[in-house]
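Biologist: Could you walk me through this model? I'd like to know what the words really mean.

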Amino acid sequence: MSTAAVELVGLSKSFGDVSAVDSIDLRIEDGEFFSMLGPSGSGKTTVLRMIAGFERPSGGTVRLAGDDVTTRPPFARDVNTVFQDYALFPHMDVLTNVEYGLRVQRVPRAERREQAMAALDAVQLGGLGDRRPTQLSGGQRQRVALARALVNRPKVLLLDEPLGALDLKLRRAMQLELKELQREVGITFVFVTHDQEEALTMSDRIAVFRDGRIEQVATPAELYEFPTTPFVAGFVGTSNLLTGDAARAVLGRAGTFSIRPEKIHLDPEAGLYSGAGHTTARGTVADVVYLGSVNHYLVELDAGPTVTVLRQNLHGSTDQSMSRRGQPVNVGWADEHVIDLSDPPHEKETP
């Protein structure tokens, strides 16, 4: 097995009586775009800060490229960090900002200028080196921060919710740019976010955090299609969870189950879901949530629970969709799309 870019073994961190990170094991491969996803307070940023050296672990080991760096200070680790607020020097122009790390390393002026200009070219800001950060847009400042972090060619780049301050349209554009940049430079990216769409869009693999522990590590597709816990099913995308009496009434068996809204069909064709391997149910449309290209139908099943059904707005008008409130409806799904989450393992890693 090749040496991991980042390896965490039994890593823990406590602040007084509060356990922020609870003995996690994690392996991030060289050249991966790896995301740590979870709600606020789940421990993901604390883990990132321990990798960077800004926090000292209460227990466990941090290895970078096989070397134990647990007690090394940040400047002695071959990593760089990009923060949400970018942390650019406002009194310096863009080129000088990017050069700063090289200047600290006493790289000769001509050489560091050449490297800084190449880094700006890599993030498509080659002509803006003489501007101040205050003269740039949010997306441009983000790219300057990336150029400054990349110019030293670290083995690992740590990104702490770097797109959080951008508006939705720019954030989505930067997601694609960031992934393309990572492919080009070939550096391991470790990305912290609470935005599930962001993680699914960019990552090779994702670790889902909850209460200081890792619930599941998997590729985006595996994480969405095959969650191993109710928390992952509910946090990564929208999911219908059926448990207890609801599961028995709808599925005919006890346990905890998940069905994604897009897997449920509204008004299935007669006979389409009547055979073996399919389930149908009757209900009433309690509400319709209009989301532009799609609608979410909240259907109260006669058997008791309410499920969300996603339907694309391919045909018909918005008024027609909204008029279905209070109307009876049939829903159906293939049984293979029902995910059994009964007695799941607390943590499961997909190779």
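Modeller: Let's start with a definition: helices (H or I, at least four residues) and strands (E, at least two) are DSSP runs, numbered from the N terminus. This is a predicted model, with local features needing pLDDT of at least 70, side-chain atom pairs counting only at pLDDT 80 or more, and totals for chains, interfaces and linings using all residues. Residues are numbered from 1 along each chain as its sequence is written, and side-chain values use heavy atoms, leaving out hydrogens and water.

Biologist: What makes β1 and β4 a pair?

Modeller: Two strands pair if DSSP finds at least two bridges between them. Strand β1 (residues 6–15) and strand β4 (residues 59–64) have five bridges, so they pair, in the antiparallel sense. Val6 stands opposite Leu64 in β4.

Biologist: Why are β2 and β5 called edge strands?

Modeller: The open sheet runs β2-β1-β4-β5, with antiparallel pairing. β2 (18–28) and β5 (67–68) each pair on one side only, and that makes them the edge strands.

Biologist: What makes a pocket a pocket?

Modeller: On a 1 Å grid over the protein atoms alone, it's an open set of points with protein on both sides within 12 Å along at least five of seven lines, while a cavity is a set where a 1.4 Å probe fits but cannot get out; lining residues have an atom within 4 Å of a point. The largest pocket has 23 lining residues, and Val79, Asn80, Thr81, Gly101 and Asn152 are the closest to its centre.

Biologist: Which element supplies the largest share of that lining?

Modeller: β6, with four residues.
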